[in-house]
Number of protein chains: 2
Amino acid sequence: MLSVAIAQARAGLAEGGIPIGAALFDTSGALLGKGHNRRVQDDDPSMHAETAAFRDAGRRSGYRDTVMVTTLSPCWYCSGLVRQFGIGRVVIGEATTFHGGHDWLAEHGVAITVLDDQECVTMMREFIAARPALWNEDIGE
Amino acid sequence: MLSVAIAQARAGLAEGGIPIGAALFDTSGALLGKGHNRRVQDDDPSMHAETAAFRDAGRRSGYRDTVMVTTLSPCWYCSGLVRQFGIGRVVIGEATTFHGGHDWLAEHGVAITVLDDQECVTMMREFIAARPALWNEDIGE
């Protein structure tokens with residue numbers, strides 16, 4: 001499932017954007033929605049990878065049986081999304097270059113898996129080194 | 001400032017949507033962005049009032065000097081937005097019909113004002129009574 005999120009992140013990078021991708025699946029592994037950060041592409045600060053995947057999945061009455069897969073530890077904004085909508089599980093490519101709210105989600109009963117994927121780490125390291133101001137803007141720092 | 005958010009909520013209601021509105025101001029009182037919940041109108045579960053106002057304000061390098069005004073206590077998703085981007089102050093029309101993450105924001109240094117505005121309370125009470133399934137969908141319950 002991480003490969004779908006990584007492909008989204010690479011698509012974002014190719015568009016000149018921030019290389020973070022995400023995808024929402026159901027527990028059978030069916031893809032419900034996918035997306036990537038669109039701050040640069042759409043001039044839209046509200047579209048992080050996770051919110052883009054959530055939007056792409058459309059309206060649902062519940063999320064307990066869904067899995068959010070993201071290339072990077074979810075920031076507080078995206079962690080709040082997971083908590084509010086009761087997404088049952090989050091799979092995270094890496095939490096080395098950025099540590100968001102996934103410990104808080106675990107405390108509130110969300111199943112968290114951090115994969116420590118080196119492709120995700122390298123992609124973010126190279127991006128942050130190349131465009132630090134854009135990265136800081138995206139996380140409000 | 002609340003009147004801008006209430007006007008947004010009423011516009012959303014008139015469109016057949018969920019009557020929650022928000023607006024982002026700077027500390028001088030200048031309006032930066034405004035919006036309302038767009039779940040019904042755009043089939044977009046990611047557009048809560050606060051995220052719509054945030055999007056409408058466009059890209060900014062910082063939010064410490066901004067005030068988010070919303071007709072209703074912000075849910076975890078919107079509270080996460082406030083925390084991640086360092087919005088300095090949140091003014092809330094009411095927290096009677098729904099109690100979101102504003103206590104958590106206060107613990108993390110955000111200035112919180114709850115106005116207990118009766119127009120906001122009545123608007124939400126009537127909406128929840130009329131469309132309980134839609135309301136539960138919007139908050140993931």
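**Notebook: the A–B interface**

I looked up the buried area first: chain A and chain B bury about 2800 Å² between them, with 58% of it on carbon and sulfur atoms. Buried area here is the accessible area (1.4 Å probe) that two parts lose on being put together, summed over both. On the chain A side, A:Arg59, A:Tyr77 and A:Gln84 lose the most area to chain B, together 28% of what that side buries.

I note that this is a predicted model, where local features need pLDDT of at least 70, side-chain atom pairs count only at pLDDT 80 or more, and totals for chains, interfaces and linings use all residues. Side-chain values use heavy atoms, without hydrogens and water, and residues are numbered from 1 along each chain as its sequence is written.

Next I checked contacts (heavy atoms within 4.5 Å). I found 32 residues of chain A in contact with 32 residues of chain B. 100% of the interface residues of chain A are also interface residues in chain B, so the copies meet through the same surface.

Then I looked at charges. The rule finds 4 salt bridges across the interface, each a side-chain nitrogen of Lys or Arg within 4 Å of a carboxyl oxygen of Asp or Glu. A:Arg59 pairs with B:Glu137 in a salt bridge, the closest N and O atoms being 2.7 Å apart.

Technical notes: Chains lettered and ligands numbered in written order.
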